[in-house]
Amino acid sequence: MNWTPKLDFTDQTLVYASYSHGYKAGGANPPGAVFLAFGSNTSTGAAGSNPLHPLTFNPEFIDAYELGTKNTLLDGGITLNGDIFFYNYKGYQISRIVDRTAINDNFDATVRGAELEAMWEPVPGLKFNFAGGYEATRIDSGQSSIDLMDRTAGD
């Protein structure tokens, strides 16, 4: 949804809102490696053991909400844009490395954030730009995963 109001303090303003619902298919994870354990099988002297990881992963669903504005001021000398957003994931697919292969896991998660972008051109040919954002992410309570590339989380 877009709306272009006529405001006295801007040359042009656009206000927008959006909602999207997305889907990403699930699938199968590769089989785990087979490790040999000696002494369990009397005929060969070895037995196999498989590490446990999910054999499949579920589909991912997202509900994405965004509200923002785009503005031009001072005869085009200033541009000011901003937005806020919220993403609600069910079954967010995350990859991790297990036994030198990628395994996909599912998590429920939320993302909240805001972005601000500004441009000021006080004289022709001289421009100042600013772009910044904030994001807060969270997985649901009780869910966790270990990043095998950074097991100590930097500690």
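User: What are the ground rules here?
Analyst: The model is predicted, so local features need pLDDT of at least 70 and side-chain atom pairs count only at pLDDT 80 or more, while totals for chains, interfaces and linings use all residues. Residues are numbered from 1 along each chain as its sequence is written, and side-chain values use heavy atoms, with hydrogens and water left out.

User: Start with charges. How many salt bridges does the structure hold?
Analyst: One. The term needs a side-chain nitrogen of Lys or Arg within 4 Å of a carboxyl oxygen of Asp or Glu.

User: Which side chains meet in it?
Analyst: D105 and R96, at 2.3 Å, N to O.

User: Is D105 buried or exposed?
Analyst: D105 counts as buried because its relative accessibility is 11%. R96 is at 24%, so R96 counts as partly exposed. Buried means under 20% relative accessible area, exposed over 50%, partly exposed in between (1.4 Å probe, protein chains only).

User: Switching to strands. What does β7 pair with?
Analyst: Strand β2 (residues 12–24) is joined to β7 (residues 60–73) by 13 bridges, antiparallel. A17 has L67 in β7 as its bridge partner. β7 is also joined to β8 (residues 78–98) by 13 bridges, again antiparallel. There, N71 stands opposite L80. Strands are DSSP runs (E, at least two residues), numbered from the N terminus. Two strands pair if DSSP finds at least two bridges between them.

User: And what lies between β7 and β8?
Analyst: Four residues, in a hairpin. L74 in the turn has a positive phi of about 50 degrees.

User: What does E115 touch?
Analyst: E115 is in strand β9. Leaving aside neighbours within four places in sequence, E115 is in contact with N81, G82, D83, F85, G132 and G133. Contact means heavy atoms within 4.5 Å.

User: Which residues form the nonpolar patch on the surface?
Analyst: W120, V123, L126 and F128, with about 380 Å² of accessible area together. β9 (101–123) and β10 (126–139) each give two or more residues to the patch. Patch residues have over 30% relative accessible area and no salt bridge; nonpolar side chains (Val, Leu, Ile, Met, Phe, Trp, Tyr) are joined within 5 Å, like charges within 9 Å. Areas come from the Shrake-Rupley method with a 1.4 Å probe, and for residues only the protein chains shown count as cover.

User: Where is V123 found?
Analyst: In strand β9. V123 is at 43% relative accessibility, so V123 counts as partly exposed.
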